[in-house]
Amino acid sequence: MRLHKYIAACGYTSRRRAELLIQAGRVLVNGKSLMSLGTTVKQGDVVTVNDEVLSIPEPKTILFNKPPGIITSTHDTHERLTVMDYLPPALLKVGILPIGRLDRETEGLLLMTNIGELNHRVTHPSYEIEKEYVALVNGKPAKNALDKLAAGVQIENHKTAPAKVLQTVPDGNNTQVVLVIHEGKKRQVRRMFEAVGYKVLRLARTRVGNIKLKGLEPCGWRDASLDELRGLGIDYDDILKKHSSFK
Ligand code: URA
């Protein structure tokens, strides 16, 4: 396994920051400082960062019902609250990180895990894991606007992949639209609606793959079950085998 990936898998920090630590000479493998990013580690190697010996923790994946107004990040340079501030320290110690991001004002289902490969497969568009959102938009979207969303719209230099518009429900002068996408571009749902002339007033993620938010109160969290993780359809048993092979 590549060294930066191993450091992230141990829950020490993200892959990107691990690369920076390697380049800064803060990482030792079997007592030797290795500053090359291409370094790999094998079972039995002892990796230390700033004198702390790393090890792969027990796998842990949770569902968190993110409230609006907090950021999806592990730390914030502007001293704002992050999703990490809403979780017990014991969970943070095992190195769980958010799987993808929800904008500050977006609420709902955020999966978090300490399994790097699971994080990668859920977020990478090539695995096509569905993400379902309920968007409250202004007015009543015209049929041709919804058809355009489903076919794919241009947001800056990216054309969005085909999406599903599952339901539209009137809500006073506004409309609730249930939209399913499998990409995760920045502010994607908001920008998709903007591209067809509507503004998102409120946005909640309600499902990732087969995993549903239902039943979890705002700010609440619970462990993902084995059935839920297997049901994602990304060979969870294989992911787990690879993760555990380094323990
Ligand atoms: N799309 C958005 O616009 N925001 C999110 O947080 C997630 C998807």
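Is Tyr86 buried, exposed or partly exposed? Select Tyr86: the residue is partly exposed, with a relative accessible area of 29%. Buried means under 20% relative accessible area, exposed over 50%, and partly exposed in between, with a 1.4 Å probe and protein chains only.

Before moving on, some ground rules. This is a predicted model, where local features need pLDDT of at least 70, side-chain atom pairs count only at pLDDT 80 or more, and totals for chains, interfaces and linings use all residues. Residues are numbered from 1 along each chain as its sequence is written, and side-chain values use heavy atoms, leaving out hydrogens and water.

**Stop 1: the ring pair**

Rings of Phe, Tyr and Trp (its six-membered ring) pair if their centres lie within 6.5 Å; planes under 30 degrees apart count as stacked, over 60 as edge-to-face and the rest as tilted. By that rule there is one aromatic pair. The ring centres of Phe64 and Tyr86 are 6.3 Å apart and their planes stand at 55°, so the pair is tilted. Phe64 sits in strand E5 (residues 61-66), Tyr86 in the loop between E5 and helix H3 (89-93), and the two are 22 residues apart. Helices (H or I, at least four residues) and strands (E, at least two) are DSSP runs, numbered from the N terminus. Phe64 is buried, at 0% relative accessible area.

**Stop 2: the ligand**

Select the ligand and its shell. Near here means that a heavy atom of the residue lies within 4 Å of the molecule. The shell holds Leu102, Asp103, Thr106, Tyr133, Arg187, Gln188, Val189, Arg190 and Leu203. Which helix gives the most to this shell? Helix H6 (residues 188-195) does, with three residues.

Now show polar contacts, which are pairs of N or O atoms within 3.5 Å; within protein, one must be able to donate a hydrogen and the other to accept it, and residues adjacent in sequence count only if both atoms are side-chain atoms. A side-chain N or O atom of Thr106 is 3.0 Å from a ligand oxygen. Arg190 uses a backbone N or O atom, 3.0 Å from an oxygen of the ligand. Arg187 also brings a backbone N or O atom, at 3.3 Å from a ligand oxygen. The ligand has 240 Å² of accessible area on its own, and the protein covers 96% of that. Areas come from the Shrake-Rupley method with a 1.4 Å probe.

**Stop 3: Thr175**

Go to strand E12 (residues 174-181) and pick Thr175. What does its side chain reach? The side chain of Thr175 meets the backbone oxygen of Gly139 at 2.6 Å. Thr175 is buried, with 6% relative accessible area.

**Stop 4: positive phi**

Most residues other than glycine have a negative phi. Select Glu156, where phi is near 50°. Glu156 lies in the loop between strand E9 (154-155) and strand E10 (158-159). At 67% relative accessibility, Glu156 is exposed.

Next, Cys219: its phi is near 75°, again a positive value in a residue other than glycine. Cys219 belongs to the loop between strand E14 (211-212) and strand E15 (221-223). With a relative accessible area of 32%, Cys219 is partly exposed.

**Stop 5**

Finish on Pro57, in the loop between strand E4 (52-53) and E5. Pro57 is buried, at 15% relative accessibility. Draw a distance to Thr168: the C-alpha atoms are separated by 43 Å, with the residues 111 apart along the chain.
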